[in-house]
Amino acid sequence: MRKNKSAFAVYLIILAVFAIFLGFPVLRLFQQALTTDRGFDPSQFIEVMGSPQLRQAFMGSVAISLKTSILATALGFIIAYALNFTRLFKGYKRFVELVVTIPMLSPTIVYGFAMIYTFGRQGILTRFLGFQLFDIYSTTGLLIGFLIYTVPISFMLLNNSMKYIDAQFFTVSELMGDNGIKKFWNTIMIPMLTSIGLSMVQTFFLSFTDFGLPASIAANRPLVSGLLFTQMIGAVPDFTRGAVVAIAMLLPAIATASLMLWLRRYDVKYDKISAPLLKPHPVREWAFLVATLIPAAFIILTFASVFVVPFVESYPFNLGFTWRHFINALNNREMVSIYQNSLWLSVLTGIFGLILSFTAALVVRRSSLGEKWTNVIEAMSQVTNAIPGMVLGVSFLFAFTGTTLQNSLAILVICNVIYFFPTPFAMASQTLEKLSGHFEKTAALLGDNYLQTLVRVIIPNCKKTFAEIFGYLFIHSMVTISALIFLVGVRTATITTRISALQNFNRFDEIFVLALLLLATNLIAKLLLGFLSKPRAMKVKEAPVKAEATGRLMKLPMKERKYS
């Protein structure tokens, strides 16, 4: 009974957090869009929704996002297939997986600048080749930028699903005498259809709502994210029109999130019984070697400028090596303060996000509250997943302007915790579902209360998940910009928002120093957390056991040892 009361109290606290920091800001957004100085007046809402400017930006975002979702899913599928169903060298597979996931450690706004300095008219590769491969500021350039952003997400989703395709499918297909195409369809495509659909929806959502890439290379191309930024922080801000644009941005996001939820209902989980036996096939291996090497090389070339520009005097005019840009950055108190802000923001987001997500998962998965109560938290997670970062940032701006939270580090942390909540909550929920449901009953029989069970049993079995959740929150907080761009103040600027500001002054040397610092920080954090999350083998000392027959001391091997 006491456990139920405690769980319900925690449940109410979680609801209060989301009511204050999600429900209230979204209501303020709609209030701002539907009211004027005269009170409730939907006329401007209707006018902006039907304006050619918004319609053009909306259709432009939909078109580029659809192209991105199709191509990103295709590329992600090819790379995942090559890593799971070809006989390519294991070392090469690890190399491709590492390279493909590198873009996730940098903000999208950096992708655009890196592309300019690699593929632009004076770019590193352009100067080497003697001609420009494509126009950076064209639809092609923006599409390539979005692919660099979304292919890693598509690959991770599809790769995770392919690892658990049941190997018996291949045996059955062989016995049925299927030809190559039919065998591929029955053994790979059918089990992967749901994951492919999820990948297309997820990459569409990410492209539609991204602000970083359009801010760096979209130029005057009309996109919804750029229009929202212009309305809110342009030469002549118009908060009412900005609120309407934010709602327009919210509608397709809700549609895609709902579609993802529907698709997940058909997601089938397979237990990996054994790896499929792959026969040597030189043509297949060479084809997938080329197919994976091209995107990997493209990513390396794109980010090469991040490692070149900060170390030359003035690219492309003076290519002499120098440490001057780094020394200036380290001696600049403002730069150091901005870096510290980003670190504090990411660490605090990791801590409080971990507490909120794990506590919510405990209430949903390990409490005796009924489904009618716990489904509310599940629903809040789904709603949060449907809100783009820019929309949440604008909502926070309307809700907390004039309060003590305005321009504070606290509001940035709270915004990030709410924005990133769905994935850590899902990670914690999956881990808690796998733990035996008898832990609490056994502990109760031994006289432990629930808190003791939590500290002694549940938390120790979730340490790896804790590291993964903290790492996810830390890295994403370091690279996010879409929500924070509307909330930072002079004293709370982060690396990503500073990069956006430096763009207006063409101070690309400083931009790449910050980008490299950000990439190094995330890489170190990823490696460190990966090391800490590795399971440690327990060393058990072999106790001498007295042999009954001979009276001699002997050591039983581990496999024969029994414990009472």
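Colleague: Buried means under 20% relative accessible area, and exposed means over 50%. On that scale, is Ile 475 buried or exposed?

Modeller: This is a predicted model, to start with. In it, Ile 475 has 11% relative accessibility, which is under the 20% limit, so Ile 475 counts as buried.

Colleague: Which helix is Ile 475 in?

Modeller: Ile 475 sits in helix H22, which covers residues 463–479.

Colleague: And what does Ile 475 touch, not counting residues up to four places away in sequence?

Modeller: With those residues left out, Ile 475 touches Met 104, Leu 105, Asn 522 and Lys 526. The C-alpha atom of Ile 475 is also 8.9 Å from that of Leu 523, and those two residues are 48 residues apart along the chain.

Colleague: Step back a bit. How many helices and strands are in the chain?

Modeller: The chain has 24 helices and six strands. It has 564 residues, and 49% of them are buried. Of the contacts with a separation of 6 or more, 78% are between residues 24 or more positions apart.

Colleague: What about Cys 415 and Cys 462, buried or exposed?

Modeller: Cys 415 is buried, at a relative accessible area of 0%. Cys 462 is buried too, at 1%.

Colleague: Helices next. At what angle do H15 and H23 pack?

Modeller: The angle is about 135°, and the axes are 8 Å apart. H15 runs over residues 333–365 and H23 over residues 495–503.

Colleague: Which residues make the contact between H15 and H23?

Modeller: From H15 there are Glu 334, Met 335, Ile 338, Tyr 339 and Ser 342. H23 contributes Ile 495, Arg 498 and Leu 502. By class, the contact has five nonpolar residues, one polar and two charged.

Colleague: What is Thr 349 in contact with, leaving aside its neighbours within four places in sequence?

Modeller: The contacts are Leu 354, Val 413, Asn 416, Val 417, Leu 473 and Ser 477. Val 413 is 64 residues from Thr 349 along the chain, yet their C-alpha atoms are separated by 5.3 Å.

Colleague: And Ser 199, buried or exposed?

Modeller: Ser 199 is buried, at 1% relative accessibility. It is in helix H9, residues 180–209. Outside four places in sequence, Ser 199 touches Thr 73, Ser 154, Leu 157 and Leu 158.

Colleague: What is phi for Asn 407?

Modeller: Near 60°, which is a positive value in a residue other than glycine. Asn 407 is in the loop between helix H17 (389–400) and helix H18 (409–419). At 40% relative accessibility, Asn 407 is partly exposed.

Colleague: And what is phi for Asn 506?

Modeller: Phi of Asn 506 is positive as well, at about 55°, and Asn 506 is not a glycine. Asn 506 is in the loop between H23 and helix H24 (508–532).

Colleague: Is Asn 506 buried or exposed?

Modeller: Its relative accessibility is 58%, over the 50% limit, so Asn 506 counts as exposed.

Methods:
Residues numbered from 1 in each chain as written. Predicted model: local features only at pLDDT ≥ 70, side-chain atom pairs only at ≥ 80, totals over all residues. Heavy atoms only, no water. Buried < 20%, exposed > 50% of the residue type's maximum accessible area, 1.4 Å probe, protein only. Axes fitted to C-alpha atoms, helices over the stretch in contact; angles between N-to-C directions. Helix = DSSP H or I, 4+ residues; strand = E, 2+ residues; numbered from the N terminus. Contact = heavy atoms within 4.5 Å. Nonpolar A, V, L, I, M, F, W, Y, C, P; charged D, E, K, R; others polar.
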